[in-house]
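Me: I am new to this structure and would like to learn how to read it. Could you take me through it one feature at a time?

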Amino acid sequence: MKYVLLIHQGTTPTPATPEEWAKLSPEEQQQVYADYQAINQTPGVTPGTGLQLPETATTVRVQDGRTLTTDGPFAETKEALGGWLTYEADDLDAAIELASRIPAARMGGAVEIRPVAEW
Amino acid sequence: MVNDLEAVYRDHWGRVVATLIGLLRDFDLAEEAAQEAFALAAERWPDGGVPEHPAAWLIATGRNRAIDRIRRDRRYEAKLKLLEPAHLVEDDMDETSFPDERLELLFTCCHPALSLEAQVALTLRTLGGLTTEQIAQAFLVPEPTMAQRLVRAKRKIAAAGIPFRVPPPHLLPDRLSAVLATIYLIFNQGYTSGGMLAGEAIRLGTALTVLMPDEPEPLGLLALMLLQDARRDARFDDGRLVLLADQDRSRWDSREIAAGRAALDRAVALQGDGPYMLQAAIAALHTEPRRDWGRIAALYSDLASLTGSPVVELNRAVAVAESEGPEAGLRITDGLDLDGYRYLHTTRGELLRRLGRTAEAREAYLRALQLVNDPPERRFVEERLAELG
């Protein structure tokens, strides 16, 4: 089974929010980096690209042939996507275990697991 | 014979479906195959007699039917290789010819990636053999809604890759609690809405204790359900709610009480200390002719530290009131954040009445009256109010 893990940062401190990030101790910051590194090196994981903050998002819709752009993400800012990775695993339990190791899952965000559609 | 067939259906449906799902890895195909096998049995067994190993006969027949269906339907072609050798001779089989995969099925149905509602419906359908209509009625949901719930759950199991297996040891404690919670929810739905679901939950709980004989909590849950179910008939008298102390013990089911105590003893022997076992131990003390309120209070204290539940604290308050007096009980209820919970107010009403604080007791019962909707309970509160004068 192939899964995409969608990482929603929520209120998770990240280096992109320096004030919040600075509230973490150096050890906690190191732990976050170490966790992401371990996840990216897990067999079956293909890392995705990181995303800049949801505030930098532009959302596009087309209505009656007109392109409408709005400032901000499609979802609420705190629910916006922050990054993703793909994971080739035996079953959903393996994907849940990987998701639970992603720092965002324990620091104020959440990880959504979606099976990839196979055509 | 009709009754025999119903008993065979009830006893074997879960086993047959579980093994067919294990073989076919397809819930719908397995259910259809099982249905065909039971239909064939209903046709043949009245004249030809029940085979020596009915479950094996049903599984082999269902499997053969599934192969025929796969041959007819090219969509399933990839599954054919799972079914070598092609056809089996039903009467050569015994129960050991096929693995018993009910446990795998139970853990799959109760996987936390499914909603609790879906877990309950799927467990009742696949392991319990209840029809969609029966499940819909028990949960007061329109049948199409329940059918849709089952379809979505089965689709998610396949699409999301929910494994068909008993979880590995590091996942087992959490997953077993989910299974126990689902069975207990089925029981409680049955406890309030009539007998069928309660009996089904007890059957599932019994099967779980056979499949996991070394785990204390399934035994604790089974004991709890049996001890509660034993008192079901005595809870009501002519539409009137009867408190435990006033129940007619001759209306308790002594066989169920004995079975519940035996299951509890086995859980204790396995050094269980989980929440179901504690609740069963409390329920067992309540069936003693003289209730030991000190021990009941101590067990509630253990249970409260395990669950952190204010409802458990309320129950402890009742036990403490009996063993140490109403004031001690009242002190516990004062600290509880349960204003929307009617039993807090009926408990306080009773304790205040015993202390002669009639005005406060009346106030508590009036608050309870605002929160009840069930007619027997309303009547109960009204009668207490009338007694206060």
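Reply: Gladly! Helices here are DSSP runs of at least four residues, strands are runs of at least two, and both are numbered from the N terminus. Keep in mind that this is a predicted model.

Me: How many helices and strands are there in chain A, then?
Reply: Chain A has four helices and six strands. Read from the N terminus, their order is β-α-α-β-β-β-β-α-α-β. The C-alpha trace of chain A spans about 50 × 45 × 20 Å along its principal axes.

Me: What is the mean pLDDT of chain A?
Reply: The mean for chain A is 93, and 99% of its residues reach 70 or more. Among its elements, helix α1 (residues 18-22) has the lowest mean, 92, while helix α3 (residues 92-101) has the highest, 97.

Me: Let's turn to the sheet. How do strands pair in general?
Reply: Strands of a sheet pair through backbone hydrogen bonds, and they do so either parallel or antiparallel. In chain A, four strands make an open sheet in the order β2-β5-β1-β6, with antiparallel pairing. β2 (45-47) and β6 (110-115) of chain A are at the edges with a single partner strand each, so one side of each has no neighbour in the sheet. On average, neighbouring strands of this sheet are turned by 25° against each other, ignoring direction.

Me: Which strand is joined to β2(A)?
Reply: That is β5 (residues 81-88) of chain A: three bridges join the two antiparallel strands. As one example to find on screen, V45(A) stands opposite Y87(A) in β5(A).

Me: What about β3(A) and β4(A)?
Reply: Strand β3 (residues 58-63) of chain A runs antiparallel to β4(A), and six bridges join them. Look for R61(A), which stands opposite L68(A) in β4(A). The two strands form a hairpin with two residues between them.

Me: How should I read the phi angle in a turn?
Reply: Most residues other than glycine have a negative phi. D64(A), in the loop between β3 and β4 of chain A, has a positive phi near 50°. With 5 C-beta neighbours inside 10 Å, D64(A) counts as exposed. Q271(B) lies in the loop between α11 (254-269) and α12 (275-286) of chain B. Q271(B) is exposed too, with 8 other C-beta atoms within 10 Å.

Me: Which residues of α3(A) are buried?
Reply: They are L92(A), D93(A), A95(A), L98(A) and A99(A). The buried residues of α3(A) pack against several elements, including β1 (2-8) and α2 (26-40) of chain A and α7 (143-160) of chain B. Across chain A as a whole, 18% of the 119 residues count as buried.

Me: And where is the largest nonpolar core?
Reply: In soluble globular proteins, nonpolar side chains tend to be buried together. The largest core here has 114 residues, and L20(B), A223(B) and A280(B) touch the most other members. Helix α3 (residues 54-72) of chain B gives this core its largest share, nine residues. Leaving aside neighbours within four places in sequence, A223(B) is in contact with G260(B), A263(B), L264(B), A267(B) and A280(B).

Me: Finally, how many residues of each chain take part in the contact between A and B?
Reply: Seven residues come from chain B and five from chain A. On the chain B side, six are nonpolar, one is polar and none is charged.

Conventions
Residues numbered from 1 in each chain as written. Chains lettered and ligands numbered in written order. Predicted model: local features only at pLDDT ≥ 70, side-chain atom pairs only at ≥ 80, totals over all residues. Buried ≥ 20, exposed ≤ 12 C-beta atoms within 10 Å, placed from the backbone. Contact = placed C-beta atoms within 7 Å. Nonpolar A, V, L, I, M, F, W, Y, C, P; charged D, E, K, R; others polar. Pairing = 2+ DSSP bridges. Axes fitted to C-alpha atoms, helices over the stretch in contact; angles between N-to-C directions. pLDDT = per-residue confidence, 0-100. Core = buried A, V, L, I, M, F, W, Y, C linked by C-beta atoms within 7 Å.
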